[in-house]
Amino acid sequence: MAEKSKQGHIVAKNVTKIYDPYGVNIHAVDDCSFEIKPGDFMAMVGPSGCGKTTMLNMIAGFDTVTEGEIFMDGELIASAEKKLMPGPDRMVVFQLGALFPWRTVIENVCFGPKMQGTYSDEKEIKEKARELLRVAGLEEFENDYPMSISSGMQRRVEIVRALMTGPKILLLDEPFRALDAMTKSVIHRHLLELYDLTGKTIMFITHDLREAVFLASTVFVMTTRPGTLKKMIKIDIPRPRNIDVITSQKFLGYMQELIDAVHKEAVKAFERGERELAR
Ligand code: ADP
Ligand code: MG
């Protein structure tokens, strides 16, 4: 297993976000503070509409912060006065991806680094791409077009593509939401292998509690809106992990703890009729 990345250290200090569409204030995130350690796999869970995507967007540079500060590796990246533009140092993978349909898998994956000029030559880019595609279980599909492979495979291509540009942190917003359970279990294995290989810092938003415990080292539970950190659970299950762990007592214990923490918040959100934004 690779060493954990020393980059992608996120510190959020008293972050508040108020949207103001047409003068109607929507208090999305409230006084939220947390830290993602370099090389950590953090999963964020919480009721719909509690501000998870908002938090990720502020880190990614898609959205402004109303109050408070976000730092990455000691550098201020977001505050009321400053917003670091989105860039290849913070790569985002969404639920609905965006591969170029007219480029093959390997062309999609190599496109970013070619534009960036981060590698010395095309051969080096291809070698790196093939290594990651192999770990993602896609080596036989490099010449296929996105529309001819399954949606689970498309998500994996996107993750590989995001890793190719050498991000400090990978930001994943419910990337596997639309996938069925069988497909998910395959993609989980590949994501964990990519994580073990690269040691990248990951922020992974999900509403699937089992997915959170299986993948993450740290789970953040958010309160209902306005969202803030309610509880942090360290998942002390050794890596590499395989699917057998999900029936262990330890795993079930973490699940119980997580369900208890999330349930109350979910009920509150439900009673208020919270909904997430359709993206
Ligand atoms: P989550 O990802 O946890 O489901 P979001 O971060 O998408 O929640 O949304 C948090 C709250 O902020 C919700 O009430 C949502 O309707 C609101 N919100 C999100 N984006 C915007 C926006 N661009 N303008 C106004 N309100 C927004
Ligand atoms: Mg969301």
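So, strand 3 and strand 9: four bridges join them, and the two run parallel. When I say two strands pair, I mean that DSSP finds at least two bridges between them. Strands here are DSSP runs of E with at least two residues, helices are runs of H or I with at least four, and both are numbered from the N terminus. Within this pair, Val-45 stands opposite Val-221 in strand 9.

Before I go on, this is a predicted model: local features need pLDDT of at least 70, side-chain atom pairs count only at pLDDT 80 or more, and totals for chains, interfaces and linings use all residues. Residues are numbered from 1 along each chain as its sequence is written, chains are lettered from A and ligands numbered from 1 in the order in which they are written, and side-chain values use heavy atoms, leaving out hydrogens and water.

Okay, back to strand 3. With strand 8 the pairing is also in the parallel sense, over four bridges, and there Met-44 stands opposite Ile-205. How many of the five residues of strand 3 are buried? Five of the five, where buried means under 20% relative accessible area, exposed means over 50%, and partly exposed is in between, using a 1.4 Å probe and protein chains only. In a regular strand the side chains alternate between the two faces of the sheet. Here Phe-41, Ala-43 and Val-45 are on one side, Met-42 and Met-44 are on the other, and both faces are covered.

Six strands make an open sheet in the order 6-7-8-3-9-10, with mixed pairing. At the edges sit strand 6 (90-93) and strand 10 (229-234), each pairing on one side only. From one strand to the next, the twist averages 20°. Strand 6 pairs with strand 7 (residues 169-173) in the parallel sense over four bridges, and Val-92 stands opposite Leu-171.

Helix 1 (residues 52-60) lies across strands 3, 6, 7, 8 and 9, at about 150° to strand 7. Those angles run from 0 to 180 degrees between N-to-C directions, and the axes are lines fitted to C-alpha atoms, for helices over the stretch in contact. Contact, by the way, means heavy atoms within 4.5 Å.

Now for Thr-206, in the loop between strand 8 and helix 6 (209-215). Buried or exposed? Thr-206 is buried, with a relative accessible area of 2%. Leaving aside residues up to four places away in sequence, Thr-206 touches Met-44, Val-45, Glu-174, Glu-211 and Ala-212.

Last stop, ligand 1. Which residues come nearest? Of the 16 around ligand 1, they are Gly-49, Gly-51, Lys-52, Thr-53 and Thr-54, and near means one heavy atom of the residue within 4 Å. A polar backbone atom of Gly-49 is 2.7 Å from an oxygen atom of the ligand, and a polar side-chain atom of Thr-53 lies 2.8 Å from an oxygen atom of ligand 1. Helix 1 gives the largest share of the shell around ligand 1, three residues.

Conventions
A polar contact is a pair of N or O atoms within 3.5 Å; within protein, one must be able to donate a hydrogen and the other to accept it, and residues adjacent in sequence count only if both atoms are side-chain atoms.
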